[in-house]
Amino acid sequence: MRAIVCAEYGPPSALVLRDLPDPVPGPGQVLVRIHAAGVNFVDALLIGGRYQIRIPPPFVPGGDCAGTVVAPGEGVDGFAPGDRVLASPGIGAYAELIALAPAQLARMPANMGFAGAAVFLQANATAYFALVNRGALRPGDTLLVLGASGGTGAAAVQLGKALGARVIAAASSAEKLAACRALGADVLIDYASQDLRTELKTATGGRGVDVVFDPVGGALAEPALRSCAENGRYLVIGFASGEIPKLPFNLPLLKSCQVVGVDWGGFAGRHPEAGRAVTDAVIALYADGTLSDPPLAHYPLERTAEAIADLAARRIAGKCVIDV
């Protein structure tokens, strides 16, 4: 099979396309032919050796994929050749084939295509887990989404609206904000040209926001935290800016707000039944039309390095998908 390999830590340009032996499903595994794979910010961190978890090279990166079942291994029930499935394995998705445990697989709804499925699970499960499980978002709350045109950001905009919140989308260009408006955002802030804190004061009448969804970090973190309302929840999703902020701890004290960590992957690994409930919930929301595909930029497998670089440089509004 063809696969993208991280042979040594480095920039996306260091990735190589190789022919590897086809995986063979062992007992309790399912062999899946990958039709499409999703690109995430974490991919650039993993291949650069800059993520909290370091995977020793060589390895095949790629955290999200969708495809069809080739063959179930010994002892596997419930999956048959041709079944359409999606998964978020963490690594291994930038390849033509992958062997996974049945618990890692979810069935695609009939109205979902492979490209949309490949970028769906990690972003939407993260957003749902953040807003519902960790942020306790309520109807009528004001939700600020930073990096709102990205994968998790776009998912948070749609889910926030579905949960009855007033959604403020913040992004770095007019083009990206237009995509947020199409997803249902109520207020748009261009933090590349506008002062985030000033605009939030205006948008909330000085009250502040109830929930901050922050997958960006960096210089936006402190003004967003300062903009929390009393009993606000600041959700730490990730650090797409590349900078982990150092926040003054007097702010949560003075504002009576919470700083809440969100680790969807770790939670799902520690609590598989609860993790499956989140997966089932977001798939049901897609099946009934509440959630839809974000804007998609398509790349072939041999241009995976370019896709990762474009996403990391924030040249993309929406998500990148690898057409395997």
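**Close-up views of a predicted model**

**View 1. Helix α4 gives the largest cavity its biggest share of lining.** Four residues of the lining of the largest cavity come from α4, the largest share. The model shown in every view is predicted. Helix α4 covers residues 151-162. Both α3 and α4 supply at least two lining residues each. The lining residues are Val119, Ala123, Asn124, Gly151, Ala154, Ala155, Gln158, Ser292, Pro294 and Lys319. Sorted by class, five are nonpolar, four are polar and one is charged. The space inside is about 60 Å³. A search of the whole structure finds one cavity of 30 Å³ or more.

View 2. Start with β3, residues 30-39. Is this strand mostly covered or mostly open? Strand β3 is mostly covered, with eight of its 10 residues buried. Now look at its partners. Strands β3 and β4 are antiparallel and share eight bridges. Strand β15, residues 319-323, runs antiparallel to β3 and is joined to it by four bridges. In that pairing, Gly38 has Val321 of β15 as its bridge partner.

**View 3. Strands β8 and β9 run parallel.** Five bridges join β8 to β9. How many residues of β9 are buried? Five of the six are, so β9 is largely enclosed by the rest of the structure. Strand β9 spans residues 166-171.

**View 4. Phe120 and Tyr286 form an edge-to-face aromatic pair.** A search of the whole structure finds four aromatic pairs. In the pair of Phe120 and Tyr286, the ring centres are 5.6 Å apart and the planes are 80 degrees apart, which makes the pair edge-to-face. The two residues come from distant parts of the chain, 166 residues apart. Phe120 is in the loop between α2 and α3, while Tyr286 is in helix α10, residues 272-287. Are these two residues buried or exposed? Phe120 is buried, with a relative accessible area of 3%. Tyr286 is buried too, with a relative accessible area of 6%. A residue counts as buried under 20%.

**View 5. Phe129, Trp264 and Phe267 form a ring cluster.** Ring pairs link these three residues, Phe129, Trp264 and Phe267. A pair of aromatic rings is described by two things: the distance of the centres and the angle of the planes.

**View 6. The charged end of Arg84 sits over the ring of Phe114.** Find the ring of Phe114, then the charged end of Arg84. What is the distance from that charged end to the ring centre? The distance is 5.4 Å.

**View 7. The bond from Pro57 to Pro58 is a cis peptide bond.** Most peptide bonds are trans. The bond from Pro57 to Pro58 is cis, and its omega is near 0 degrees. Where is Pro58 placed? Pro58 is in the loop between α1, residues 41-47, and β4, residues 64-72.

View 8. Most residues other than glycine have a negative phi. Ala136 is not a glycine, yet its phi is positive, about 45 degrees. Ala136 is in the loop between α3, residues 121-134, and β8, residues 142-146. Its relative accessible area is 40%, so Ala136 is partly exposed. Asn231, also not a glycine, has a positive phi near 65 degrees. In which strand is Asn231 found? Asn231 is in β12, residues 228-236.

**View 9. Ala178 and Gly26 are 47 Å apart in space.** That distance runs from C-alpha to C-alpha. In sequence, Ala178 and Gly26 are 152 residues apart. Ala178 lies in helix α5, residues 174-182. Is Ala178 buried or partly exposed? Ala178 is partly exposed, with a relative accessible area of 44%. Partly exposed residues fall between the buried limit of 20% and the exposed limit of 50%.

Key:
Residues are numbered from 1 along each chain as its sequence is written. This is a predicted model: local features need pLDDT of at least 70, side-chain atom pairs count only at pLDDT 80 or more; totals for chains, interfaces and linings use all residues. Side-chain values use heavy atoms; hydrogens and water are left out. Buried means under 20% relative accessible area, exposed over 50%, partly exposed in between (1.4 Å probe, protein chains only). On a 1 Å grid over the protein atoms alone, a cavity is a set of points where a 1.4 Å probe fits but cannot get out, and a pocket is an open set with protein on both sides within 12 Å along at least five of seven lines; lining residues have an atom within 4 Å of a point. Grid points are joined across faces, edges and corners, and a volume is the space filled by probe spheres set on the points. Ala, Val, Leu, Ile, Met, Phe, Trp, Tyr, Cys and Pro count as nonpolar, Asp, Glu, Lys and Arg as charged, and the others, Gly among them, as polar. Two strands pair if DSSP finds at least two bridges between them. Rings of Phe, Tyr and Trp (its six-membered ring) pair if their centres lie within 6.5 Å; planes under 30 degrees apart count as stacked, over 60 as edge-to-face and the rest as tilted. A charge sits over a ring if NZ of Lys or CZ of Arg is within 6 Å of the ring centre and within 35 degrees of the ring normal.
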